[in-house]
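This report reads a protein fold from its overall dimensions down to a handful of individual residues. The chain and its coordinates are shown first, and the discussion follows.

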Amino acid sequence: MNFKIPSFYKRILAFFVVIGPIFWLVFTDDGQRRTDIVLLTLWGEDEIALNLKALDNQVSEEDLKQVFPDITWTCEDELSNFGNRLCASRIGIFNDIPAHYVTIFFLDRWINGVKIGYRGQYHEILKQQLWQQLGAPANSNPQIPTIQGMESVLHWVTDSGNVILKDSLQEDDEAALLWLSLSIIPN
């Protein structure tokens, strides 16, 4: 018996072994996201991982700086709809999604909101990630009436806040995710 593999088949196999991963990295959303994450890490961009389900309003600015000591925060008193102080930082990665920035809002000394600006091309991946981590959005239940003007927004209710994300992004929309403390949202 001759078990010799013809050289043509060897070349075809070698071609697919080399081209397959390159094709995945360049032409699939997941491959592009992973490539971006590696490049952002190599360029020294900061990464922040937040468990949005466990986030609560009992976190102070000092706690934030202790949990994320490698991130350079710019903090200032600024009155907004979300509080009276904010801390912001440029980041490269948020929960394995390429991002631009994070802004943390404080009311007095406690966290009241989080805004994360991410790269819009990864909106669908972020939305899938939130479905996996937080379950179905609260407003996906047809028995709950939709608030006028909020038809295009998804929101998930956590123990101490709400995670808010647009259902789909238009070309000129800012790609941003919000976590807002229950103290902000009226009953």
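Leaving aside its neighbours within four places in sequence, with which residues is Gly120 in contact? The model is a predicted one, and in it Gly120 is in contact with Leu169 and Ala175 once those sequence neighbours are set aside. Gly120 belongs to the loop between β6 (110-118) and α4 (123-134), and with a relative accessible area of 37% this glycine is partly exposed. Its separation from Ala88 is 32 residues in sequence, while the two C-alpha atoms lie 19 Å apart in space.

**Overall form**

The protein chain has 4 helices and 9 strands, and along the sequence these elements follow the pattern α-α-β-α-β-β-β-β-β-α-β-β-β. The radius of gyration of the chain is 21 Å, well over the 16 Å that the globule rule gives for 187 residues, so the chain is more spread out than a compact globule. Taken along the principal axes, the box filled by the C-alpha atoms is roughly 80 × 45 × 35 Å. Of the 187 residues, 34% count as buried, and the accessible surface comes to about 12000 Å², of which carbon and sulfur atoms account for 56%. Among contacts between residues at least 6 apart in sequence, 50% join residues that are at least 24 apart.

**The disulfide**

The structure holds 1 disulfide, which joins Cys75 to Cys87 with an S to S distance of 2.0 Å. The pair links distant parts of the chain, since Cys75 is in strand β2 (residues 74-80) and Cys87 is in strand β3 (residues 83-90), 12 residues apart. The torsion about the S-S bond of Cys75 and Cys87 is about 115°, and the disulfide is therefore right-handed. Cys87 has 0% relative accessibility and so counts as buried.

Two residues in the loop between β4 (93-94) and β5 (97-107) deserve a separate look, one of them being Asn95 and another Asp96. Most residues other than glycine have a negative phi. Asn95, however, has a positive phi near 45°, and Asp96, which is not a glycine either, has a positive phi of about 65°. Are Asn95 and Asp96 buried or partly exposed? Asn95 is buried, with a relative accessible area of 11%, whereas Asp96 is partly exposed at 40%.

Thr158 is found in the loop between β7 (153-157) and β8 (161-166). With 9% relative accessibility, Thr158 counts as buried because the limit for that class is under 20%. Not counting residues up to four places away in sequence, Thr158 touches Leu52, Lys53, Leu134, Val163 and Trp179.

The accessibility values discussed above are collected here.

| Residue | Relative accessible area | Class |
|---|---|---|
| Cys87 | 0% | buried |
| Thr158 | 9% | buried |
| Asn95 | 11% | buried |
| Gly120 | 37% | partly exposed |
| Asp96 | 40% | partly exposed |

**A charge over a ring**

One further side-chain arrangement concerns Arg109, whose charged end sits over the ring of Trp110, 4.5 Å from the centre of that ring.

Methods: Residues are numbered from 1 along each chain as its sequence is written. This is a predicted model: local features need pLDDT of at least 70, side-chain atom pairs count only at pLDDT 80 or more; totals for chains, interfaces and linings use all residues. Side-chain values use heavy atoms; hydrogens and water are left out. A disulfide is a pair of cysteine sulfur atoms within 2.5 Å. Buried means under 20% relative accessible area, exposed over 50%, partly exposed in between (1.4 Å probe, protein chains only). A charge sits over a ring if NZ of Lys or CZ of Arg is within 6 Å of the ring centre and within 35 degrees of the ring normal. Contact means heavy atoms within 4.5 Å. The radius of gyration is taken over C-alpha atoms; the globule rule is 2.2 Å times the number of residues to the power 0.38. Accessible areas come from the Shrake-Rupley method with a 1.4 Å probe; for residues, only the protein chains shown count as cover.
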